[in-house]
Amino acid sequence: MNTPTELKYATSHEWLSEDGTVGISDFAQDQLGDVVYVELPEVGREVTAGDTIAVVESVKTASDIYAPASGTVTAVNDELSGNPELVNSSPYENGWLFKLDVTEASADLMDAAAYTETAEG
């Protein structure tokens with residue numbers, strides 16, 4: 001399992017970078033299977049940490065994506081509309097979901113070591 005150490009992780013498998021970029025972990029995309037559709041939030045939407053903000057659909061299931069921080073959506077990854085499989089092939093680079101102007105990160109976010117232990121636990 002690839003778990004970059006510079007990111008913070010939620011128990012619900014979202015990751016948050018220092019610049020506010022959000023995606024799902026390598027573990028999560030592997031559990032979902034082949035992603036076939038991604039429903040992204042609207043730019044300008046204000047969210048509170050823990051809010052359902054997006055949906056990732058795979059051949060197995062649909063999974064809600066939760067905001068790992070409070071803030072305002074500043075960008076979405078438009079590449080995913082035509083290439084949802086980027087979530088599988090590049091969950092930390094090209095398969096990111098959206099960006100937040102973070103006002104407050106969730107206090108429950110974990111570092112990579114804690115997340116790996118929880119995910120594999």
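Mentor: A residue counts as exposed when its relative accessible area is over 50%, and as buried when that area is under 20%. The model here is predicted.

Trainee: Is Glu 18 buried or exposed?
Mentor: Glu 18 sits in the loop between strand E2 (14-16) and strand E3 (21-24). Its relative accessibility is 84%. The cut-off is over 50%. Therefore Glu 18 is exposed.

Trainee: What separates the C-alpha atoms of Glu 18 and Leu 7?
Mentor: Glu 18 and Leu 7 are 11 residues apart along the chain.

Trainee: Which residue of E9 is the bridge partner of Val 22?
Mentor: Val 22 and Ile 24 point one way from E3, Thr 21 and Gly 23 the other, and all are buried. E3 also runs antiparallel to strand E9 (residues 98-105), joined by 2 bridges. The partner of Val 22 in E9 is Phe 98.

Trainee: Which residue's side chain makes a polar contact with the side chain of Gln 29?
Mentor: Gln 29 is in helix H1 (residues 26-32). Its relative accessible area is 9%, so Gln 29 is buried. Not counting residues up to four places away in sequence, Gln 29 touches Ile 24, Val 87, Asn 88 and Pro 91. The polar contact, at 2.8 Å, is with the side chain of Asp 26.

Trainee: Within what arc do the buried residues of H4 fall?
Mentor: Ala 112, Tyr 115 and Ala 119 are buried in helix H4 (residues 112-120). Seen down the axis, these buried residues line one face, because they fall within an arc of 60°.

Trainee: Which exposed residues does H4 carry on the face turned away from its buried side?
Mentor: The buried residues of H4 pack against strand E1 (8-9) and H1. The face turned away from them carries exposed Ala 113 and Glu 117.

Trainee: Which residue caps the N-terminal end of H4?
Mentor: Look at the backbone nitrogen of Ala 113. A side-chain oxygen lies 3.3 Å from that nitrogen. The capping residue is Asp 111.

Trainee: How far apart are the end C-alpha atoms of residues 19-101?
Mentor: UniProt, in an unreviewed entry, lists this span as "domain: Lipoyl-binding". The span is 18% helix and 42% strand. Its end C-alpha atoms lie apart by 8 Å.

Note on methods. Residues numbered from 1 in each chain as written. Predicted model: local features only at pLDDT ≥ 70, side-chain atom pairs only at ≥ 80, totals over all residues. Heavy atoms only, no water. Helix = DSSP H or I, 4+ residues; strand = E, 2+ residues; numbered from the N terminus. Buried < 20%, exposed > 50% of the residue type's maximum accessible area, 1.4 Å probe, protein only. Polar contact = N/O pair within 3.5 Å; in protein donor to acceptor, adjacent residues only side chain to side chain. Contact = heavy atoms within 4.5 Å. UniProt positions renumbered as here; feature names shortened; annotations may be inferred. Arc of directions from axis to C-beta. Pairing = 2+ DSSP bridges.
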